[in-house]
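Take a walk through this fold, one part at a time. Keep the sequence at hand as you read.

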Amino acid sequence: MKYASEDQEGPAVEQTEGPAPSAPEQTERRGPAPHAAAPHDEQQGTRNRVARSILDHGPSTAAELALRLELTQAAVRRHLDALAAEGVVEPREKRVYGTRGRGRPARAFALTDCGRDAFDQAYDQLATDALRWIAQSAGGGEQGEAAVAAFARARLAAQAEGYREAVEAAEPEARTEALAKALTVDGYAATARSAPNPQLGEQLCQHHCPVAHVAEQYPQLCEAETEVFSRLLGTHVQRLATIAHGDGVCTTFVPKAGAGKAAHSTARTTKTTTASASTAGRNPA
């Protein structure tokens with residue numbers, strides 16, 4: 001059975017929703033209202049249900065969502081407007097097969113790439129499986145580890161070119177900060193700050209790692225990244241901590257030019273689990 005509201009959305013649809021309810025929660029749901037949810041949490045929870053229904057069933061009209069979720073169409077439209085403003089969904093003209101009825105065609109709402117990314121996806125498992133296949137195809141053991149390391153370096157090569165432009169455009173004393181800003185654009189939420197002894201160097205901190213779960217099993221990803229930082233900044237850097245192995249932040253020590261052995265010694269004593277560029281990302285024994 002096809003509902004008239006799927007072919008035409010306008011005042012006539014609104015009139016079928018009944019008289020205005022006496023309580024705010026009754027505008028959201030046909031049936032008993034929940035008791036304990038805070039208004040903001042309840043609104044967000046309902047929006048999540050709307051987005052999940054679109055994920056499960058594909059592009060949907062307000063009428064279809066209202067029927068599935070037992071909400072009024074007016075309530076669904078409010079949530080769809082909010083989700084669209086957040087970039088989670090986008091409206092499309094609903095495809096009609098056969099002869100289309102009179103009136104304005106209904107709009108179907110589909111998830112955007114951003115909205116789809118908000119739901120759990122198997123990318124981490126896919127990446128882990130791919131790296132395992134690379135290692136096994138290379139013969140496993142040391143040869144397998146070397147193959148994964150080669151892949152990690154190749155993966156970062158193109159990425160590093162964009163970082164290089166940002167770093168080389170900055171003054172020498174501002175290059176760590178420039179690299180942090182470039183990393184932030186790629187989702188690493190990076191910052192640059194002074195080391196405990198500012199005269200010896202800085203710390204490049206990455207508060208988020210998009211590949212942390214994969215790097216737990218394949219530290220070559222962290223090692224390749226550390227090597228890239230060293231080349232871009234023109235100095236030997238040291239990875240002090242990684243999210244992949246339980247630290248709150250990925251921290252890399254960047255010595256100041258001319259700091260020499262003193263900077264190297266300070267970096268090693270900053271944290272007992274210091275890792276050199278050749279062991280970055282590995283959980284120290």
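A disulfide is counted here when two cysteine sulfur atoms lie within 2.5 Å of each other. This is a predicted model, and by that cut-off it holds 0 disulfides. Cys205 takes part in none. The nearest cysteine sulfur to that of Cys205 belongs to Cys250, 9.5 Å away. Cys205 is also buried, at 0% relative accessibility. Cys222 has a cysteine sulfur at 6.1 Å, that of Cys209, but this is too far for a bond. With 6% relative accessibility, Cys222 counts as buried as well.

Now turn to the sheet. Strands of a sheet pair through backbone hydrogen bonds, in parallel or antiparallel fashion. Here 4 strands make an open sheet, in the order E3-E4-E6-E5, with antiparallel pairing. E3 and E5 (238-241) stand at the edges with a single partner strand each, so one side of each has no neighbour in the sheet. Averaged over the sheet and ignoring direction, neighbouring strands are turned by 25° against each other. Look at E3 and E4 in detail. They run antiparallel and are joined by 5 bridges. Arg193 stands opposite Gln203 of E4.

Two helices meet these strands. H9 packs on the sheet and touches E3, E4 and E6. The direction of H9 makes about 160° with that of E3. H11 lies across E4, E5 and E6, and runs at about 130° to E5.

Which residues of H9 are buried? In this helix, residues 175-185, they are Thr176, Ala178, Leu179, Ala180, Ala182 and Leu183. An α-helix has 3.6 residues a turn, so residues three or four places apart point the same way. The cover over the buried residues of H9 includes helices H8 (141-168) and H11 (220-233). It also includes strands E3 (190-194), E4 (201-206) and E6 (250-255).

Follow the chain out of H9. Just after the helix, Gly187 takes a positive phi of about 95°. Most residues other than glycine have a negative phi. Ala189 is not a glycine, yet its phi is positive, at about 45°. Ala189 sits in the loop between H9 and E3. Its relative accessibility is 32%, so Ala189 counts as partly exposed. Glu70 is another non-glycine residue with a positive phi, near 60°. Glu70 belongs to the loop between H4 (62-69) and H5 (73-85). Is Glu70 buried, partly exposed or exposed? Its relative accessible area is 46%, which means that Glu70 is partly exposed.

Last, the empty space inside. Rolling a probe the size of a water molecule over the atoms shows where such space is left. The structure holds 2 cavities of 30 Å³ or more. The largest cavity has a volume of about 80 Å³. What lines the largest cavity? Its lining consists of Arg155, Leu156, Tyr188, Cys209, Val211, Ala215, Leu221, Cys222, Glu225, Arg239 and Cys250. H8 and H11 each supply at least two residues of this lining. The largest share, 3 residues, comes from H11. Some names return here: Cys209, Cys222 and Cys250 are among the lining residues. Cys222 is the buried cysteine at 6% relative accessibility. Its sulfur is the one at 6.1 Å from that of Cys209.

Key:
Residues are numbered from 1 along each chain as its sequence is written. This is a predicted model: local features need pLDDT of at least 70, side-chain atom pairs count only at pLDDT 80 or more; totals for chains, interfaces and linings use all residues. Side-chain values use heavy atoms; hydrogens and water are left out. Buried means under 20% relative accessible area, exposed over 50%, partly exposed in between (1.4 Å probe, protein chains only). Contact means heavy atoms within 4.5 Å. Two strands pair if DSSP finds at least two bridges between them. Axes are lines fitted to C-alpha atoms, for helices over the stretch in contact, and angles run from 0 to 180 degrees between N-to-C directions. On a 1 Å grid over the protein atoms alone, a cavity is a set of points where a 1.4 Å probe fits but cannot get out, and a pocket is an open set with protein on both sides within 12 Å along at least five of seven lines; lining residues have an atom within 4 Å of a point. Grid points are joined across faces, edges and corners, and a volume is the space filled by probe spheres set on the points.
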